Amino acid sequence: MNDPISDMLTRIRNSQMRGKSTVETPASKARARVLDVLADEGYIRGYESTTGKDGHPAFEISLKYYEGTPVIRELKRVSKPGRRVYMSVNDIPQVRQGLGVSIVSTSKGVMSDANARSQNVGGEVLCTIF
């Protein structure tokens, strides 16, 4: 697998389209940091470490719904292995005039766009959520 973060985002997107309450994804530090931001911003209920069906470490993600519709309406990968997208703190985009969140990988860790602006750091824009 070349892009584990994109794989995780696709699993979340597909599970929400099917109305699932949880989804399992292989565990990694990068995925955990992205899930931390999603949980802090209120897009998922949370996640916990488990052992997958194949015996490898995995995360079980609890998806969040509001009145039967998924909280995450749009989940897009911005920076890909074939084309990395780096932005300075002034160029980090606001998603839907501030209603959405960009997840940014900075020198101070993976954080939301608002946290990156408050700490005055730029970095690689991993994905956008609305």
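Start by selecting Tyr86: setting aside neighbours within four places in sequence, Tyr86 is in contact with Gly123 and Glu124 (contact means heavy atoms within 4.5 Å). Before going on, note that this is a predicted model, where local features need pLDDT of at least 70, side-chain atom pairs count only at pLDDT 80 or more, and totals for chains, interfaces and linings use all residues. Residues are numbered from 1 along each chain as its sequence is written, and side-chain values use heavy atoms, with hydrogens and water left out.

Still on Tyr86, show the secondary structure: the residue is found in strand β7 (residues 86-87). Helices (H or I, at least four residues) and strands (E, at least two) are DSSP runs, numbered from the N terminus. Tyr86 counts as exposed because its relative accessibility is 57%; the cut-offs on relative accessible area are under 20% for buried and over 50% for exposed, with partly exposed in between (1.4 Å probe, protein chains only).

Next, select helix α2, residues 29-40. Its 12 residues should span 16 Å at 1.5 Å a residue, and the end C-alpha atoms agree, being 16 Å apart (the expected span is 1.5 Å times one less than the number of residues). Colour its buried residues: Arg31, Ala32, Val34, Leu35, Val37 and Leu38. After α2 comes Gly42, with a positive phi near 85°.

Pro4, Ile5, Asp7, Met8 and Ile12 in α1 meet Ala30, Arg31, Val34, Leu35 and Leu38 in α2. The two axes come within 9 Å and cross at roughly 45°; they are lines fitted to C-alpha atoms, for helices over the stretch in contact, with angles from 0 to 180 degrees between N-to-C directions.

Finally, show the largest nonpolar core, which has 22 residues; Ile12, Leu35, Leu38, Ile61, Ile103 and Ile129 touch the most other members. A nonpolar core is a set of buried Ala, Val, Leu, Ile, Met, Phe, Trp, Tyr and Cys residues joined through side-chain atoms within 4.5 Å. At least two residues of this core come from each of α1 (4-18), α2, β3 (57-63), β8 (101-106) and β10 (123-129), and α2 gives the most, with 5 residues. Apart from this core lies another, of 5 residues, including Ile92, Val104, Met111 and Val121.
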